[in-house]
Amino acid sequence: MERRALRRGSAGWLLLTGLGVAYVVSGDFSGWNFGLAEGGFGGLAIAMVLMGIMYGCMVFSLAELSSVLPTAGGGYGFARRALGPWGGFLTGTAILIEYVLAPAAISIFIGDYVESLGLFGLTSGWPVYLFCFVVFIGIHLWGVGEALRFSFVVTGIAVTALLIFAVGAFTRFDAANLNDIPVDASAFGSNSWLPMGLLGIWAAFPFGMWFFLGVEGVPLAAEETREPARTLPKAIRWSMAILVVLALLTFFASAGSRGAAAIQDAGNPLVEALQPDGEPTTLSRIINYAGLAGLVASFFSLIYAGSRQLFALSRAGYLPRFLSLTSRRKAPYLGLLVPGAIGFGLAAATGDGARMLNVAVFGATISYALMSLSHIVLRRREPELHRPYRTPGGVATSSVALTLACAALVATFLVDVVAAVIALVVYGVAVAYFGFYSRHHLVAKAPEEEFAALAAAEAELDRG
């Protein structure tokens with residue numbers, strides 16, 4: 001276990017709050033606007049609110065769970081304690097699908113931004129993707145403290161740009177622009193605010209998630225955090241509060257400035273919103289460069305999250321144990337290099353960032369449902385468990401998150417059936433591996449397994 005230890009005490013609540021925002025911030029610059037084509041402004045607005053409620057309820061539940069089980073396993077560790085080895089593996093694998101596929105997709109988007117900006121005459125392709133993975137994984141290998149500080153700075157640039165964008169866009173705000181998408185008269189319940197009808201609200205769920213997707217990864221930094229029982233809940237709550245503000249500002253400013261119809265298919269909707277005549281302005285150029293910073297922040301932080309999830313699953317024996325070895329600087333080097341190689345290979349081979357993100361969303365919704373269920377189970381099964389932080393509303397809060405997560409999972413089939421099937425196949429292969437092999441080779445000394453063993457022993461004593 002000494003060869004599988006992380007550097008403790010490297011991060012406080014401020015760096016972790018920055019990490020939580022970094023996971024998500026690229027979603028403010030692109031991606032969410034495709035939900036306008038699925039549900040119109042009203043449909044996406046309702047979807048955003050419902051998904052915001054889901055994430056809000058879930059992060060309050062995770063704040064409690066992370067104060068109880070402050071280990072690098074994050075969601076996998078919570079589910080292991082509540083739902084047993086199968087529940088832990090299913091949750092951890094779903095999270096891993098999200099955190100391996102999302103950086104691969106974002107590397108493609110970075111390539112698109114580099115090409116559109118004309119940087120160094122480069123075009124979007126494998127050299128750009130390789131540069132992203134090599135440089136940013138290299139920073140992570142240098143050390144977690146250095147990595148989180150780099151992420152914090154880049155995230156600060158992206159957030160500042162979003163605020164500047166909102167100020168500039170609101171100067172041209174016109175409420176009539178919000179509902180300018182043509183109405184599909186054949187859709188049930190359609191009107192100017194819901195041009196695709198009531199079903200459009202549901203279809204827009206995955207895009208409403210893009211304003212918050214990834215914030216649940218904050219607990220993965222538990223073992224590298226100072227005073228995790230106090231620090232993690234605080235960082236999770238602050239991250240979510242900042243993201244809600246950024247989502248509202250971005251959504252209303254973009255659609256109200258240029259019009260929902262004009263930005264619904266744009267690869268860079270914020271830039272399009274600032275170019276009413278299609279001609280670049282000084283502000284639109286600034287936002288274009290800032291969009292690149294936002295993508296880098298999310299790419300960088302998601303690599304961190306994926307490496308820690310892989311590290312935790314490997315250390316406990318759910319995945320091959322050599323993947324959890326750490327370097328002299330306490331970085332899980334194989335946990336960084338292996339997912340990075342997979343991500344680069346997928347990006348270079350397919351170039352289809354949208355589909356990979358849809359696969360990532362599918363994995364995310366499964367993990368959300370299982371983590372919310374874990375909170376409910378632990379509250380009912382172990383009511384006397386010491387909880388330094390308690391979720392407001394208790395089981396009712398996590399039940400709302402569970403219900404909405406299941407609805408979002410079904411909604412992924414409405415958007416991209418192929419992506420959902422791909423995710424199911426990958427999930428099925430992983431389940432077969434666990435069922436036939438790794439569940440027989442779990443490591444008792446791993447923190448998550450020790451927590452589970454202690455819980456079983458305490459339950460046995462209570463029965464005696």
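**Notes on the predicted model**

1. **Leu424.** Start with this side chain. Leu424 is partly exposed, at a relative accessible area of 42%. Leu424 sits in helix α16. Keep in mind throughout that the model is predicted.

2. **The patch around Leu424.** Leu424 belongs to a nonpolar surface patch with Phe413, Val417, Val421, Val425 and Val429. Together these residues have about 510 Å² of accessible area. Which helix gives the most to the patch? Helix α16, residues 417–436, does, with five residues. An α-helix has 3.6 residues a turn, so residues three or four places apart point the same way.

3. **Overall make-up.** The protein has 17 helices and zero strands. Of its 464 residues, 61% count as buried. The exposed surface comes to about 17400 Å². Carbon and sulfur atoms supply 67% of that surface. Now take contacts between residues at least 6 apart in sequence: 82% of them join residues at least 24 apart.

4. **Helix α12.** This helix covers residues 282–315, which is 34 residues. From first C-alpha to last, α12 reaches 50 Å. That is close to the 50 Å expected at 1.5 Å a residue. Is α12 largely enclosed or largely open? Of its 34 residues, 29 are buried, so α12 is largely enclosed by the rest of the structure. Just after α12 comes Gly317, with a positive phi of about 95°.

5. **Salt bridges at Glu64.** The protein has five salt bridges. Side chains of opposite charge can pair when their charged atoms come close. Arg379 pairs with Glu64, and the closest N and O atoms are 2.8 Å apart. Arg379 lies in helix α14 (residues 353–381) and Glu64 in helix α3 (residues 35–68), so this pair ties together parts 315 residues apart in sequence. Both Arg379 and Glu64 are buried.

6. **The second partner.** Glu64 also forms a salt bridge with Arg387, again with the closest N and O atoms 2.8 Å apart. Arg387 lies in the loop between α14 and α15, while Glu64 lies in helix α3, so the pair ties together parts that are 323 residues apart in sequence. Arg387 is buried, as is Glu64.

7. **Glu272 and Arg258.** These side chains also meet in a salt bridge, at 3.3 Å from N to O. Glu272 lies in helix α11 (residues 269–273) and Arg258 in helix α9 (residues 228–258), so the pair ties together parts 14 residues apart in sequence. Are these two buried or partly exposed? Glu272 is partly exposed, with a relative accessible area of 24%. Arg258 also counts as partly exposed, at 23%.

8. **Val415.** This residue lies in helix α15, residues 395–415. With a relative accessible area of 25%, Val415 is partly exposed. Where does the chain come back to meet it? Val415 and Ala204 are 211 residues apart in sequence, but 8.2 Å apart in space, C-alpha to C-alpha. Leaving out residues up to four places away in sequence, Val415 touches Ala203, Pro206 and Phe207.

9. **Ala348.** The place of this residue is helix α13, residues 333–350. Ala348 counts as partly exposed, at 40% relative accessibility. Ala348 and Gly125 are 223 residues apart in sequence and 6.9 Å apart in space, C-alpha to C-alpha. What does Ala348 contact, leaving aside neighbours within four places in sequence? Trp126 and Tyr129.

10. **Cysteines.** A disulfide is a covalent bond between the sulfur atoms of two cysteines. How many disulfides does the model show? The count comes to zero. Cys57 is buried, with a relative accessible area of 14%. Cys406 is partly exposed, at 37%.

Terms used:
Residues numbered from 1 in each chain as written. Predicted model: local features only at pLDDT ≥ 70, side-chain atom pairs only at ≥ 80, totals over all residues. Heavy atoms only, no water. Patch = residues over 30% accessible without salt bridge, like charges linked within 9 Å, V, L, I, M, F, W, Y side chains within 5 Å. Areas by Shrake-Rupley, 256 points an atom, 1.4 Å probe, with all protein chains shown as cover. Salt bridge = Lys/Arg side-chain N within 4 Å of Asp/Glu carboxyl O. Helix = DSSP H or I, 4+ residues; strand = E, 2+ residues; numbered from the N terminus. Buried < 20%, exposed > 50% of the residue type's maximum accessible area, 1.4 Å probe, protein only. Disulfide = S-S within 2.5 Å. Expected span 1.5 Å × (residues − 1). Contact = heavy atoms within 4.5 Å.
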